[in-house]
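Welcome! Here is a short briefing to read with the model open beside you. Take your time and look for each part as it comes up.

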Amino acid sequence: MMGQNLAESLGAFRGQVTDSFVPLEVTREHRDRGAAFGACMTSIAADGITFTEVDAAPHIVERTAATIAAGGSGYYKLSLMLAGTGHLVQDGRELLLRPGDLAIYDTSRPYTLGFDEEFRSLIVMFSKDRLDLPVSLTEQLSAASLSHEHGGLAPVIAGFISQFPAQLDPLTAGVRTKLAHTSLDLISTLCAEVLDASAAQRDPHQLLLQRIYEHIDEHLGAPDLSPGSIADAHFISKRHLHVLFREAGTTVSSRIRERRLERSRADLLDPALSGRTAAAIAARWGFSDAAHFSRVFKATYGVSPSELRAG
């Protein structure tokens, strides 16, 4: 459920920020150090995607080498500026954030985020592997503006998520999860547009790999989906197929298993499918052995399919 934290000191706020996001340094400009400090953080999570609204006095947030070593790498943070202005710096890129601006940055790399006045912003944090984009594109997502030159989609996303987390709080867990997934799908689409995914994928290998990914998603429910069937469908050898996936940092079997587990997990969380057994859901997505599915599911998510539903 939704949580709200009030902070009347910089020290208290620093602890809340680290607990809510990742380890961070929080300081104030010299001219602001004698002034009163106040902040309010409101957050809600759904399926590993966290939405946090921050309303705070001026301060500076830094992700340093020391805080990276303390943990929290492997996430993206999408920022939607709601009021006031901010200044984001990462990997030599600098962005001025005004109300309505969307930007994304990487917790695996140092960054600085400064606010010279009282502000309000919404932060969406999620694991980097949740963006279904090629690594060659996601590596560019450091201090990346998702607003300029792509005005058509950005306002739609900003409008959709701007009222979170308050809008999500009254909803059931299943509905919150669906809306969180929709948000992530929209963010992935916007990132692909901003980074010109179509141009980046004109490389024949990337184009072929993308077609194979789509083929896998379309045939997840087929029990006979395998490297052999995939290679045959694309008129390539199995050796070539394995080379493509190795260059992408994964394997064919891993990709199939991960996508099947993701689809199964989404169905298990869907209230409309509450009457369907876990075994039936597993079979729908290509798991012919219910016991094997349960073991793999728990090893991946830390809970069994039945525990997920009970939670």
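Which residues does serine 20 touch, not counting residues up to four places away in sequence? Serine 20 touches Met41 and Met125. Keep in mind that this is a predicted model.

**Serine 20**
- You can find serine 20 in helix H1, which covers residues 10–20.
- Its relative accessibility is 18%, and since buried means under 20%, serine 20 counts as buried.

**Helix H7 on its own**
- Helix H7 covers residues 204–218.
- At 1.5 Å a residue, the 15 residues of H7 should span 21 Å, and this agrees with its end C-alpha atoms, which are 21 Å apart.
- The buried residues in H7 are Leu208, Leu209, Ile212, Tyr213, His215, Ile216 and Asp217.
- An α-helix has 3.6 residues a turn, so residues three or four places apart point the same way.
- Helix H8 (227–233), helix H9 (238–247) and H10 are included in what covers the buried residues of H7.

**H7 meets H10**
- Two packed helices are described by the angle between their axes and the distance between the axes.
- Helix H10 covers residues 252–268, and its axis and that of H7 come within 10 Å and cross at roughly 45 degrees.
- H7 and H10 are therefore oblique to each other.
- The crossing in which H7 passes H10 is right-handed.
- On the H7 side, Tyr213, Ile216 and Asp217 take part, and they meet Arg255, Ile256, Arg259 and Arg263 in H10.
- Sorted by class, this contact of H7 with H10 has 3 nonpolar and 4 charged residues, with no polar ones.

**H10 meets H12**
- Helix H12 covers residues 290–301, and the axes of H10 and H12 come within 11 Å, crossing at roughly 90 degrees.
- H10 and H12 are therefore roughly perpendicular to each other.
- From H10, Arg257, Leu261, Glu262, Ser264, Arg265 and Leu268 meet Phe293, Val296, Phe297, Thr300 and Tyr301 in H12.
- The contact of H10 with H12 has, by class, 6 nonpolar, 2 polar and 3 charged residues.

**Helix H9 and what follows**
- Leu241, Val243, Leu244 and Phe245 are buried in H9.
- These buried residues of H9 pack against H7, H8 and H10.
- Glycine 249 follows H9, and its phi is positive, near 85 degrees.

Terms used
Residues are numbered from 1 along each chain as its sequence is written. This is a predicted model: local features need pLDDT of at least 70, side-chain atom pairs count only at pLDDT 80 or more; totals for chains, interfaces and linings use all residues. Side-chain values use heavy atoms; hydrogens and water are left out. Axes are lines fitted to C-alpha atoms, for helices over the stretch in contact, and angles run from 0 to 180 degrees between N-to-C directions. Helices (H or I, at least four residues) and strands (E, at least two) are DSSP runs, numbered from the N terminus. Angles under 35 degrees count as roughly parallel, over 145 as roughly antiparallel, 65 to 115 as roughly perpendicular and the rest as oblique. A crossing is left-handed if the near helix is turned anticlockwise from the far one by less than a right angle, and right-handed if clockwise. Contact means heavy atoms within 4.5 Å. Ala, Val, Leu, Ile, Met, Phe, Trp, Tyr, Cys and Pro count as nonpolar, Asp, Glu, Lys and Arg as charged, and the others, Gly among them, as polar. The expected span of a helix is 1.5 Å times one less than its number of residues. Buried means under 20% relative accessible area, exposed over 50%, partly exposed in between (1.4 Å probe, protein chains only).
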